[in-house]
Amino acid sequence: MKRIAVKDLVGGEILAKDLFTSSYTVLMARGTVLKKEYIERFPLLGIEYVYIEEIGAKNKKGKKAKIIQEQVKEECSEKVKNVLEKHIYKHNSELASLCSVAETLIEDILDEKEVYEEIVEIRAQGGDMYTHSVNVCALSSMLALKLGVEKEVAKDIARGSILHDSGLRYIAVDYENIDILSQPLFEQKEFQKHTIYGFNALKEEEWLSEEAKNIILFHHEYENGSGYPLHLTGNKFSLSVKIVSICNAFDQMISGIGYKQTSLQEAIEFLRDNTRVLFDKEITGKFLQMIMQYPNGTIVQTNEGEIGKVIKQNLEMADRPVLEIFKDENGIRIEPKKKINLIENLNIFITKVIE
């Protein structure tokens, strides 16, 4: 991390610290990639210096790890909210505008060179259905591109996923930071209806493809047929649906949509535990390779009892980063600290996230 004058920024740098307004609200989140149009506004806001990442995680071609850009996501979430909050059932002209939000996310991802060879940093944080919709759209689009899906199909996936939970507007039960499966059966059934409500509201629209409509209807279907609304098995729904199903389940857990909000690691373990049962093995494997499972700065404990901080990523094995160990197995501080690259020490692994 280094401090740099705004006048010396050229674009493409990554913020190492959140930027705050004078009222101490976050103006731009850590991890945002600075575009030239952002930099041009800084002097108007009285910002003279920022902190940027000096050395980023790099892939084999030397490029920094991709981070889904918070500034873009916030703008998209606000537009999704503005449209869906005013939406009346089957009055769909404004919903068509959300396809442009999906395409903005796709283009933002494609703007980053070699995006399908990189990993994304995600941190669990509570959210609403609007932010959740944008998260699922971004994750599904990136996963589709990593799987080699054609760009036009990826756009259908983006459009379907941005609208996948539009049916939540029509149900009469609470679902934010609530474990739906622990609620009375009536409330569970009511929540499940959102897939049908969303599909029925849009099924006649010509501006939305059949594949995108199927994503809205089937994004809660699972490989073993235990999903809803039709209890389809994995051979009965498409690759596009499978992609969105995985991304939706993951973000539901870390955002708290239909679940009590969980940690990033709990959501990852849920996907691992349910590979082949609920989710396609190959697609889940690719998704887990895509996610930075222990973001830089995470404090962890190893199987040897030592405590360390994640300081660098190994992009070829997202679950085996580089650690800086600062406490031994007895909790005594180590000086000097020692570095362990888990990809080179396969007998050592992370057993617990401390913070």
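Predicted model: local features only at pLDDT ≥ 70, side-chain atom pairs only at ≥ 80, totals over all residues.
Residues are numbered from 1 along each chain as its sequence is written, and side-chain values use heavy atoms, with hydrogens and water left out. Local features need pLDDT of at least 70 and side-chain atom pairs count only at pLDDT 80 or more, whereas totals for chains, interfaces and linings use all residues.

Helices and strands are DSSP runs numbered from the N terminus (helices, H or I, at least four residues; strands, E, at least two). The axes of helix H7 (residues 194–202) and helix H8 (residues 210–218) come within 7 Å and cross at roughly 155°. Axes are lines fitted to C-alpha atoms, for helices over the stretch in contact, and angles run from 0 to 180 degrees between N-to-C directions. H7 and H8 are therefore roughly antiparallel to each other (angles under 35 degrees count as roughly parallel, over 145 as roughly antiparallel, 65 to 115 as roughly perpendicular and the rest as oblique). On the H7 side, Thr-195, Ile-196, Gly-198, Phe-199 and Leu-202 meet Lys-213, Ile-216 and Leu-217 of H8, contact meaning heavy atoms within 4.5 Å. By class, this contact of H7 with H8 comprises five nonpolar, two polar and one charged residues. Here Ala, Val, Leu, Ile, Met, Phe, Trp, Tyr, Cys and Pro count as nonpolar, Asp, Glu, Lys and Arg as charged, and the others, Gly among them, as polar.

An open sheet of five strands has the order E10-E9-E8-E7-E11, with antiparallel pairing; two strands pair if DSSP finds at least two bridges between them. Strand E10 (333–341) and E11 stand at the edges, each with a single partner strand, so one side of each is left without a neighbour in the sheet. Direction ignored, neighbouring strands of this sheet are turned by 35° against each other on average. Strand E7 (residues 299–302) pairs with strand E8 (residues 307–312) in the antiparallel sense over three bridges, and Gln-301 stands opposite Ile-307 in E8. E7 and E8 form a hairpin with four residues between them, and Gly-305 in the turn has a positive phi of about 90°. Three bridges also join E7 to strand E11 (residues 350–353), the two running antiparallel, with Thr-302 opposite Ile-350 in E11. Strand E9 (residues 322–327) is joined to E10 by five bridges, again antiparallel; Glu-324 has Lys-339 in E10 as its bridge partner.

Two cavities of 30 Å³ or more are present in the structure. On a 1 Å grid over the protein atoms alone, a cavity is a set of points where a 1.4 Å probe fits but cannot get out, and lining residues have an atom within 4 Å of a point. Grid points are joined across faces, edges and corners, and a volume is the space filled by probe spheres set on the points. The second largest cavity holds about 30 Å³ of space, and its lining includes Glu-221, Phe-237, Lys-242, Leu-278 and Asp-280. By class, this lining has four nonpolar, one polar and four charged residues.

Most residues other than glycine have a negative phi, and most peptide bonds are trans. A cis peptide bond joins Tyr-228 and Pro-229, with omega about 15°; Pro-229 lies in the loop between H8 and helix H9 (239–255). Another cis bond, between Glu-335 and Pro-336, has omega of about -5°, and Pro-336 is found in strand E10. Asn-177, although not a glycine, has a positive phi of about 55° and is located in the loop between helix H5 (151–162) and helix H6 (185–192).

Methods:
1 Å grid on protein atoms, 1.4 Å probe; cavity = no way out; pocket = protein on both sides within 12 Å on 5 of 7 lines; lining within 4 Å.
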